[in-house]
Structure formats: C-alpha cells, structure tokens
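Dear colleague,

I am handing over the structure below for you to look through. My notes on what was found in it come after.

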Amino acid sequence: MNLGETVHLTKLKGEYRSRIYNKKKLVIYFFAIFIIFILLGIRIGYVMIFRSRHYAGLAQELHERERQIKAARGKLVDRNGVVIASNETVCTVSVIYNQIKEPEKVIQVLSDTLGMSQDDIRKKVEKISVREKIKSNISKETGDLIRSYDLDGVKVDEDYKRYYPYGTLASKVLGFTGSDNQGIIGLEVEYEDYLKGTDGEILTQTDARGIELDQVVEGRKEAIAGQNLLLSLDVNIQQYAQQAAEKVMEEKSAGYVSIIVMNPQNGEIYAMVNNPEFDLNHPYELNSETDAARGTEEYQNLLNKMWRNQCINDTYEPGSTFKIVTATAGLEEGVVSLDSMFSCPGYRMVEDRRIKCHKTTGHGSETFVQATMNSCNPVFIDVGLRIGPERFYYYLQKLGLMEKTGVDLPGEAGTIIHKLENVGQVEMATMSFGQSFQITPLQLLRAVSVINGGMLITPHFAVGTCDDEGNLLEAFEYPMVEQTVSSQTSENMKYILTQVVSEGGGKNGQVEGYNVGGKTATSEKLPRGNGKYISSYIGFAPADDPQVIAICLINEPVGIYYGGTIAAPVISSLYEDVLPYLEIKKAQ
C-alpha cells in the first residue's frame with residue numbers, strides 16, 4: 001500500500017469516527033431532552049394534582065383582599081349590673097398604594113385631619129405595599145370626615161377602644177388594654193379568653209394591579225363579641241373605700257394605702273383599693289410628677305410601680321393582726337383556752353434574747369382573752385412555743401398561708417418564711433406575733449375569714465359571664481375547704497375579737513349600732529430602727545354572723561403611726577357607709 005492509499009484510508013477512518021461521535025451526541029441530547037420533558041411532566045402533574053390548592057390559594061390572594069372586622073370586647077359589669085368597662089368606636093386609617101389616584105390631595109387631607117406632618121404621611125402613601133396603616137384609634141367623627149372626602153386608595157375601618165366610665169375606679173384590679181385591645185394587667189388580662197371575642201372579616205376582589213372591583217359582591221364574616229364578665233366588685237363600696245383611703249393618705253402623707261373589703265362566707269371581693277390609683281383611660285400617664293422622660297427606662301419603671309397591686313403583689317410583716325392566726329392555732333391545738341392565765345413582766349427571755357412587750361412595764365397577770373385585747377407579745381410567744389414549729393407550720397398550711405390565695409388576678413406573690421428545719425426558739429417566738437416572715441394582705445384576710453364558721457374560702461372577683469342586662473349566663477366555681485378549723489374555735493375567735501374592739505386596743509374600730517370584731521397592728525419595716533411603719537387593722541361585722549370583713553394598710557404614715565389610732569378609724573368610717581348599704585341590721 002502506497003502513501004496515497006494510506007492517507008486516504010486514514011481519512012476515511014477519521015470520517016467514520018466523526019459520524020459515530022456525532023450520532024452518540026445526538027442520542028445523548030435526545031435522551032437528555034427526553035428526561036427533561038419527563039421531569040417537567042412529572043413536575044406539572046405534581047403541581048396540578050398535589051399542589052393545586054396551594055397555588056389556587058396564591059392566585060386567590062392576588063385577587064382578593066381581606067380586611068378585619070374587629071370584635072367588640074366583653075364588658076366588665078359590677079355585682080349590680082353597672083358597666084365599669086365598655087367600648088367606644090374608633091377608626092383606623094390606611095392607604096392602598098395601587099389605588100391612589102391623587103397622592104398630593106391624599107397627603108394634604110390626611111395631614112390636615114389627622115394632625116400629622118406631610119412628610120410622615122408621604123412616606124406611607126408612597127410606600128409600595130398592599131395596605132399601609134396611617135393612624136389608629138382616631139375618633140369616629142374624624143373617621144367619618146375622612147370618608148366624606150371619598151379619596152381613592154384611602155380606607156377607614158372601624159375598631160373598638162376600651163373605655164372606663166369611672167376613670168380611676170379599681171384601676172389596679174380592672175387593668176387596661178393595649179393598642180391592639182388586648183388585656184395588659186388585672187382582670188383584663190386574667191380573663192382575656194372570655195373578653196376578647198372573635199374578629200370577623202370582609203373579603204373584596206381585586207384585579208392584578210390590586211385595585212378593588214366595585215361590581216363584585218364582598219364576602220363577609222361577622223365578628224363575634226366577647227363575653228361580658230359579671231364581677232363581685234361593687235361600684236359603691238369601691239368608691240367608699242377609695243374615698244376613705246384618699247382621706248387618710250392625705251392626712252398621714254403615707255406612701256400608699258390599701259383596703260380590701262370581702263364577703264368572708266364565699267370569698268367575693270366587694271372592693272380592693274391601692275391608693276394612689278391611676279386613670280384607666282390614660283394608663284401610660286403617671287399619677288405623680290417626675291422629671292423622667294417618656295420612653296426612658298426610668299419612666300417605664302415608674303409606670304410599673306404605678307400599676308402594682310400592693311394587696312396581692314407585695315408582701316409585708318403583718319405584725320399583731322397575725323396574732324389572730326396564732327390564737328386560732330393555739331385554740332384548735334388545745335394548748336390554750338379563753339381562761340388560760342399568763343403573766344407579762346414587759347418582756348420575755350427566749351434563749352439569750354430579750355423580746356419586749358409594747359408595754360415595757362408589763363401587763364401583769366391576764367387571761368388569754370385579755371392578752372389578745374392588750375396585744376401582749378410575751379403571751380403570744382408563750383402560745384407559739386407551746387404549739388411548736390411543726391404544728392405551727394401545719395396550721396399555717398391549713399389556713400392557706402403557705403400558698404397563694406388563688407385570687408383571679410395575675411402576679412400574686414407568695415409567702416416568704418423560714419424553712420421549717422431552720423426554725424428555732426427565737427424564730428418561733430417572733431413569728432407568733434407576726435414578725436420575721438412576710439405575707440400579702442389578701443393572704444391574711446383569707447386566713448382570718450375562718451371566723452365564718454371554720455371554712456377556708458377562695459377570694460375572687462369574677463362571678464361568671466352575663467348578658468347585656470346583667471343576667472348570669474355561666475357561674476364560676478371556686479374551691480372551698482369545709483371545717484378548716486372547728487366551729488367552736490371559730491366561735492371563740494369571734495368572741496375574742498369582739499372583745500378587742502369593745503374594750504381592748506381596737507376601740508377605734510367600733511361602729512355605732514353594730515357589734516364588730518377586729519384586731520390592730522403596727523409593723524416596723526425592715527431594717528429595724530429606720531422609723532418606718534405599716535399601720536393596719538382587720539375588722540368584720542356583724543360579730544355574731546360575719547357578712548363582711550375588711551383590712552386597711554397604711555404604708556409609712558407620718559406622725560402618729562399606731563394601727564389602732566389611724567387604721568382602725570378608716571374601717572370604722574367605711575363600715576358606717578357599707579353596713580347600711582348592704583342592709584345589715586343593727587344590733588338589738
């Protein structure tokens with residue numbers, strides 16, 4: 001084979017290989033395209049079959065616009081059907097970018113009617129969004145005025161704003177709502193699920209540009225109003241109590257004054273005062289002067305303090321009013337009787353500690369009833385030591401003092417007390433007359449309420465849900481422990497505490513025409529020797545069948561600070577109004 005034939009043969013082989021290679025490429029391309037089509041087909045089938053609802057929803061969202069219809073919040077109603085928290089209609093103004101035809105006119109009108117700067121409104125009007133809120137909680141009159149201009153792209157929706165017709169009445173109990181009409185503190189947040197209701201909605205059709213189609217009928221789902229809450233709170237008793245608290249606070253230049261008025265038979269709370277109260281319609285405005293600027297941490301801390309409910313959120317050393325608990329435990333345990341005799345030299349030595357009586361010269365020989373009338377510390381030290389730590393803690397548990405009361409308000413504080421294993425003779429002695437531990441005023445009031453015959457009740461405000469006429473629809477139930485102490489112990493305590501008021505240290509708690517019982521206290525605040533006190537008094541009426549019980553605390557009074565001198569008269573004057581109002585008959 002010559003050179004030419006060799007070259008020709010080589011050329012033929014190269015062309016053959018090239019054709020084979022091109023065919024392979026075509027086959028590969030074909031299969032690749034075939035596989036792509038198969039994958040696309042699978043994907044299309046998946047989308048059409050398995051994802052159809054999802055994409056149909058997206059398409060629907062493109063052509064539908066949803067607006068909420070706000071639900072009216074349930075009312076708060078006092079025990080007599082008086083509305084103490086309701087709603088007033090307000091409006092929210094929004095703009096829809098794609099629908100605005102005259103932006104400058106829209107900016108001018110909204111600026112003039114809403115009192116906002118044109119620059120602020122322009123930023124929102126020119127923002128490309130489905131719906132941009134301009135301002136909420138404006139009056140209905142202003143909302144109607146804006147509607148009257150008939151501006152394309154401007155929407156005015158009606159909403160509700162909480163309104164409290166009595167302003168400061170029971171502010172730290174009722175609580176208030178935020179800008180979204182959701183409960184923030186108090187009963188408003190505790191019963192949020194009952195009060196909030198269910199929002200409705202309006203569904204409108206739009207074109208691809210987001211412009212609403214006038215000829216298409218709107219879809220509408222009506223809102224469901226929240227349930228009204230019927231309370232045990234009584235507007236009149238609350239007003240009496242607030243007036244009494246304001247008066248003594250002003251007279252004594254006190255830090256705060258707390259009063260609770262309750263039915264000891266079932267735990268229904270008629271009034272709860274934490275003076276100074278605040279305006280529920282303006283809850284973010286301080287009720288005292290300050291140099292702190294709004295929005296600062298200092299200002300927020302002052303707001304938190306203003307909103308604080310001292311009756312349940314704060315603990316204190318109860319002092320001599322706690323002697324009611326020690327006496328109850330001692331009588332129930334059988335370590336003391338009404339006629340038991342004691343001697344008070346003006347102090348009692350416990351281990352190496354000399355614990356004084358308030359009467360440093362001593363009370364001398366006295367019965368247990370007389371010792372309670374005299375509020376004699378040495379006698380109660382003796383009783384406490386007879387009971388002993390284990391049994392003493394047992395009765396604290398039985399009387400509900402080792403747990404929260406269960407009141408239907410948020411943020412209730414618990415007892416601060418020694419661990420049982422750390423209680424020695426000195427700790428036992430000081431606890432017996434109300435020192436070296438802390439409880440809340442409501443905890444003590446609940447424990448003392450066993451003068452009702454021996455039952456441990458649950459303090460509460462909500463009675464149930466009601467209709468707009470105040471008729472009860474659903475009644476709420478609360479735990480009650482029968483015979484926490486014996487009926488005999490309950491009777492003995494009523495007798496002792498009646499003697500305290502009629503002839504003892506609680507004389508200023510007397511109410512003309514009524515037999516009442518009670519106990520005073522003057523608690524020195526920690527650290528000892530700082531000259532700051534809490535003056536308090538617990539009183540109930542009528543003495544033979546208690547229908548109302550109340551406690552008053554005066555924090556850091558200036559000048560005379562004895563509970564029997566300044567706190568007992570507060571409850572006495574309060575009962576002069578409350579007892580006739582509750583139609584409690586005078587003693588025969």
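Predicted model: local features only at pLDDT ≥ 70, side-chain atom pairs only at ≥ 80, totals over all residues.

The protein chain holds 20 helices and 19 strands, and 48% of its 588 residues count as buried. Its accessible surface comes to about 28900 Å², with 50% of that belonging to carbon and sulfur atoms.

The largest pocket has a volume of about 890 Å³ and is lined by 33 residues, with Cys357, His358, Asn377, Gln435 and Thr522 lying nearest its centre. Strand 13, helix 13, strand 17 and helix 19 are the elements that each give two or more residues to this lining, and the largest share, six residues, comes from strand 17. By class, the lining has 16 polar, nine nonpolar and eight charged residues.

Across the whole structure, a search finds 15 aromatic pairs. In one of them, the rings of Phe176 and Phe278 have their centres 6.1 Å apart and their planes at 90°, so the pair is edge-to-face; these two residues are 102 residues apart in the chain, and each lies in a loop. Phe176 is buried, at a relative accessible area of 0%, and Phe278 is buried as well, at 1%. In another pair, the ring centres of Tyr533 and Tyr561 are 3.9 Å apart with planes at 5°, so this pair is stacked; Tyr533 is in strand 18, while Tyr561 is in the loop between strand 19 and helix 19. Tyr533 counts as buried at 17% relative accessibility, whereas Tyr561, at 23%, counts as partly exposed. Finally, ring pairs link Phe176, Phe278, Tyr284 and Trp307 into a cluster.

With best regards

Definitions and conventions
Residues numbered from 1 in each chain as written. Heavy atoms only, no water. 1 Å grid on protein atoms, 1.4 Å probe; cavity = no way out; pocket = protein on both sides within 12 Å on 5 of 7 lines; lining within 4 Å. Points joined across faces, edges and corners; volume = space filled by probe spheres on them. Helix = DSSP H or I, 4+ residues; strand = E, 2+ residues; numbered from the N terminus. Nonpolar A, V, L, I, M, F, W, Y, C, P; charged D, E, K, R; others polar. Buried < 20%, exposed > 50% of the residue type's maximum accessible area, 1.4 Å probe, protein only. Areas by Shrake-Rupley, 256 points an atom, 1.4 Å probe, with all protein chains shown as cover. Phe/Tyr/Trp six-rings, centres within 6.5 Å; stacked < 30°, edge-to-face > 60°.
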